[in-house]
Structures are given as C-alpha cells and as structure tokens.
Amino acid sequence: MTPDAIPQTGGYMVAAYIVAAVILLGYTVVLWRRGSAKLKS
Amino acid sequence: MTLVQRGRWITAIALLLLGGIYVRAIVYTPEERLQGLAQKIYYVHVPSAWSAMLAMGMVGLASILFLLLKDPRYDRFASASAEVGTAFSLVMLTTGPLWARPIWGTWWTWDARLTLTLMMFFMFIGYQVLRGAVADPGLRARYAAVVGICGLVLLPFIHLSVYLFRTLHPMPIVLKPSAPSAPPAMVITLLSSFAVFTLLYVGFVVQRYAIGERTHDA
Amino acid sequence: MGDLVRHAWLVARKDLHLEFRSRTAITSALVFTALVLVVFEHGRDPTAVSTIDLAPSILWVTFSFAGMLTLNRAFNAELENQALDGLLLAPISRTSLFLGKLVANLAFVAVVQVTGLLLFTLFFNVPVWTVWAPLVTVMILATTGFIAVGTLFSAMVVRTRFAELMLPVLLLPFLLPPLIAAVEVTAKLFAGRPLSEVAGWYRLLAAYDVAFVSLATLLFPATVTE
C-alpha cells in the first residue's frame with residue numbers, strides 16, 4: 001500500500017479560508033455602509 | 001455611543017480576533033495526518049455552522065416572544081438575526097463542500113449535516129423573502145414570526161430524518177476523518193474559534209438591529 | 001368542543017362543496033398526476049433501471065406536487081371572492097376555521113393521491129396490493145404533516161406579492177422530513193421488507209404530525225388577526 005504520506009489538500013484549505021473571509025468581511029462592509037447612510041425621512 | 005457604533009466596535013474586535021484564529025489555525029495548530037491541511041477548514045466551518053444555528057434559534061425565540069408580548073423590538077431582532085444567519089449559512093455552505101471534496105471525494109452529499117445546512121439556508125432566505133413581500137409592518141411581523149417558529153421546530157426533525165436515513169445508507173468515505181478533539185492544541189483552536197464566531201454574531205446582530213431601528217423598516 | 005368540531009366540519013363541507021361543483025383544482029391535479037406518471041414511464045430505460053428502484057420516488061414526487069397544487073388553489077379561491085373576510089366575520093373560532101380548511105385540503109389531496117396510486121399500479125408493475133395497508137398509512141401520515149404546514153402558510157402567502165412562488169420556497173424545508181420518511185418506507189414496503197424495519201420512520205412521521213398540526217392550529221389565529 002502507499003506509504004504514510006499526508007495528503008496534499010492545502011489548496012482546499014486556502015480556498016475555504018479565503019471564501020469565508022470574503023463573505024464575512026463583505027457583510028461587514030455592507031453593514032458599515034448601511035449604518036452610515038442618511039436616515040430615511 | 002450609539003447602538004450602531006457599539007455594534008461596529010464589537011464587530012471590529014471580533015474580526016481582529018478572527019484574524020488571530022486564522023493565524024493560530026494555519027500556523028500553530030498541528031496538521032492532521034489523515035486529511036492533511038483541509039482538516040483545518042473545520043476551524044472555520046464548524047463555528048460558522050454554530051453561529052448560523054444560534055441565529056436561527058434566536059429568530060425562533062424572538063418570534064415566540066413577539067407573538068406573546070407583541071413588542072415590535074422582538075420582531076426587529078428576529079429580522080436582524082435572520083439576515084446575520086444567512087451570512088453565516090453562506091460561509092457554512094461554501095466551506096463545507098470545500099472540505100468534503102478532498103475528504104469524501106465529492107462536493108456534495110445528502111448526509112445529515114450538509115442537508116441540514118442547506119435547509120437552514122433556505123429557511124433564512126424564505127424568511128427574508130417573505131418579509132420583503134409583505135408591505136404592512138404589522139402583518140409582516142406576524143407572518144415572519146409564524147414562519148420563524150415553525151422553522152425552529154422543524155430543525156430537530158430535519159436532523160433526525162436525515163440522520164436516520166444516513167445510518168441506513170452508509171456513505172463511502174475516501175479518507176476517514178478522525179475526530180479533531182484528540183490533541184489539545186486543536187481543541188483550543190476550535191473552542192477559541194467558537195467564541196470568536198459568537199462574538200462576531202453579536203457584533204453583526206447589534207449593527208443590523210440598530211440599522212433596522214433607524215430606518216423603521218426591519 | 002362540540003362547537004369546534006361542528007364548525008370545522010361546516011367550513012370543510014363548504015370548501016368541498018365548492019370544489020366538487022367547479023372541480024377545477026381536482027381536475028388539474030389529477031391531470032398533472034397522470035402526466036407525471038406518463039413522463040416517468042416513458043423517460044426511463046427499462047433495461048437500465050428497474051421499476052422497483054424508481055417507484056417510490058416517482059410516487060412521492062407525484063404526491064407532493066399534487067399537494068402543492070391543492071394548497072395553492074385552496075386559498076386562492078377564497079381570496080378571489082373575498083370570502084376569507086366573510087369567513088372571519090362568521091361566529092366561528094379561528095381554530096375551527098383552520099381545522100376545516102385542513103380537513104378540506106386533506107380530502108382533496110386524498111382523492112388525488114388515491115387516484116394517482118391507482119394510475120401508478122396500472123402503469124408500473126409494482127406489487128402494491130400486498131402492502132396496501134401500511135402504504136396507505138404512510139401516505140396519510142406523511143401528507144398530513146406537510147399539508148398542515150402548507151395550509152398555515154398558504155393563508156399567509158395569499159396576501160403577499162409573489163404568492164405562487166412564495167409557497168414552495170417557504171414549504172420546501174418542511175417537506176423534507178416527511179418525504180424522506182415516506183420514500184424510505186415505500187421503498188422498503190415494495191421490496192417486501194418486514195414492518196419492523198420501518199417502525200422508526202412511522203414514529204418520526206407521527207411525531208412530526210403531532211408537532212405540526214398542533215403548531216399550525218396554534219399559530220393560525222396570528223395570521224388572520226386584524
């Protein structure tokens with residue numbers, strides 16, 4: 001059988017961490033801007 | 001300090017801490033032998049799922065309180081929590097398949113967890129679509145509360161049914177995922193991440209609630 | 001208690017009368033059922049996939065679509081004639097109103113499902129008659145659950161902007177547990193498995209029904225309170 005090598009799955013980790021960050025930061029920006037918008041009369 | 005500002009502060013701190021979690025998870029937490037680096041997705045995926053569930057639970061709770069006490073603040077809070085929950089669900093739904101692909105060999109599978117996450121996402125979306133489609137605020141609040149409560153009661157049934165289904169139809173597993181609770185370093189990273197994601201939930205909800213309050217358009 | 005049942009029955013009877021006079025909803029549901037069955041029959045390759053494998057899914061797709069159609073029609077008819085407002089003024093409790101609607105909806109869906117099942121046994125060579133009792137039981141249990149939620153939701157969506165789109169979107173997550181259970185049970189029944197293997201699913205369905213019929217009855221007044 002194959003030797004005990006650790007699978008090279010780093011790409012997925014990077015992708016996931018980036019996607020998560022983009023979504024959370026994106027939502028933060030959305031909220032920030034809505035919080036700064038002028039009050040509706 | 002206004003409520004919006006308070007929310008922003010909490011969010012900012014939470015995001016900073018999230019950066020810390022990222023560093024800790026990537027650099028200072030040991031790599032798991034059987035799954036490789038992809039296992040580290042856990043530290044983001046699982047806490048975001050927790051935040052989404054927390055959000056849904058809060059929607060349900062606030063909905064019950066609204067129907068009982070008729071206080072529009074509860075409705076406003078429910079609305080805020082639903083939107084925040086959607087964001088966390090999205091994180092959950094994207095990081096999940098990215099973990100599943102290398103580990104199970106497939107992007108998606110109808111197992112208990114993934115199906116539940118997808119249904120939760122649909123519930124959040126449905127809840128907000130409903131809110132958007134009702135003009136009268138009083139009616140909107142009541143309708144939303146009804147859906148919110150039903151959604152909350154539904155969760156255990158979804159989990160049960162899919163779990164029951166999956167125990168009878170075992171999935172082929174390409175790499176067998178081990179429980180990440182063994183080494184203490186991993187546990188600490190996971191638990192810290194839970195705390196940070198909870199704080200982030202709070203920060204988001206406070207901001208969103210404050211925005212709803214301001215615009216009177218929850 | 002007597003009033004509750006009597007009034008509920010009056011509401012149900014009214015709906016059933018209306019429907020059987022015009023027969024629009026039932027007809028369209030039946031036609032749709034037949035259509036789905038024909039499509040599935042011609043769509044599959046008999047050498048590749050055995051009927052038994054597909055049968056439970058086909059059956060339950062048909063049943064759930066029929067359910068959705070029924071739900072949509074039920075409250076639409078009310079709203080078209082402003083009849084809902086009239087009903088709300090009547091001296092009957094909200095609970096009776098809801099239960100009446102629920103019974104009427106269940107009756108419609110039952111007619112469509114029974115007919116669908118008969119057509120199904122005609123088109124597909126599946127041994128239904130040996131397991132008809134547990135099969136009918138699971139049909140009743142699974143359908144009651146999501147029709148209860150559906151009746152509640154349709155009362156709401158009929159006043160919203162995108163009513164026809166809204167109902168399936170809201171209802172989808174609620175269909176999942178009863179449908180999974182129903183398909184699982186049906187598959188096991190057709191395969192001739194002993195009932196003990198599906199007891200857990202029946203319990204789940206029963207629990208679901210108790211939970212959601214009660215919840216829907218409890219919440220209905222909130223959707224129509226002025």
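These legends describe close-up views of a predicted model.

**View 1. Chain C, a chain built from helices.**
Let's start with the overall make-up of chain C, which has eight helices and zero strands. Reading from the N terminus, its elements run α-α-α-α-α-α-α-α. Of its 226 residues, 43% count as buried. Look also at the contacts in chain C with a separation of 6 or more: residues 24 or more positions apart account for 87% of them.

**View 2. Helix 6 and helix 7 of chain C, packed against each other.**
Here you can follow helix 6 (residues 132-157) of chain C and helix 7 (residues 163-190) of chain C, whose axes are 9 Å apart and meet at an angle of about 170 degrees. Because an angle over 145 degrees counts as roughly antiparallel, helix 6 of chain C is described as roughly antiparallel to helix 7 of chain C. Which classes of residue make up this contact? There are 21 nonpolar and four polar residues, and no charged ones.

Leaving out residues up to four places away in sequence, Thr121(C) touches Val126(C) and Val128(C). Thr137(C) lies 16 residues from Thr121(C) along the chain, and the C-alpha atoms of the two are separated by 17 Å.

**View 3. Where chain C meets chain B.**
Now we move to a place where two chains touch: 25 residues of chain C are in contact with 25 residues of chain B. On the chain C side, the elements that give two or more residues are helix 6, helix 7 and helix 8 (199-224) of chain C. Helix 7 of chain C brings the largest share, eleven residues. By class, this side of chain C divides into 20 nonpolar, three polar and two charged residues.

**View 4. Where chain B meets chain A.**
Chain A has one helix and zero strands, and buried residues make up 24% of its 41 residues. How many residues does each chain bring to the contact? Chain B gives 33 residues and chain A gives 22. On the chain B side, helix 1 (3-28), helix 2 (42-69), helix 3 (72-104) and helix 6 of chain B each supply at least two residues. The largest share, nine residues, comes from helix 3 of chain B. This side of chain B has 18 nonpolar, eight polar and seven charged residues.

**View 5. Helix 6 of chain B, from end to end.**
Here is a helix whose length you can check for yourself. Helix 6 (residues 184-215) of chain B has 32 residues, which at 1.5 Å a residue should span 46 Å; its end C-alpha atoms are 47 Å apart, so the two values agree. After helix 6 of chain B comes His216(B), whose phi is positive, near 50 degrees.

**View 6. Confidence along chain B.**
Chain B averages a pLDDT of 87, and 92% of its residues score at least 70. Among its helices, confidence is highest in helix 2 of chain B, at a mean of 94, and lowest in helix 5 (residues 137-168) of chain B, at 87. Over residues 172-176 of chain B the pLDDT is below 50, and this stretch has nine contacts in the model beyond near neighbours in sequence. Where pLDDT is low, the predicted coordinates should not be read in detail.

Methods:
Residues numbered from 1 in each chain as written. Chains lettered and ligands numbered in written order. Predicted model: local features only at pLDDT ≥ 70, side-chain atom pairs only at ≥ 80, totals over all residues. Axes fitted to C-alpha atoms, helices over the stretch in contact; angles between N-to-C directions. Helix = DSSP H or I, 4+ residues; strand = E, 2+ residues; numbered from the N terminus. Parallel < 35°, antiparallel > 145°, perpendicular 65-115°, else oblique. Nonpolar A, V, L, I, M, F, W, Y, C, P; charged D, E, K, R; others polar. Contact = placed C-beta atoms within 7 Å. Expected span 1.5 Å × (residues − 1). Buried ≥ 20, exposed ≤ 12 C-beta atoms within 10 Å, placed from the backbone. pLDDT = per-residue confidence, 0-100.
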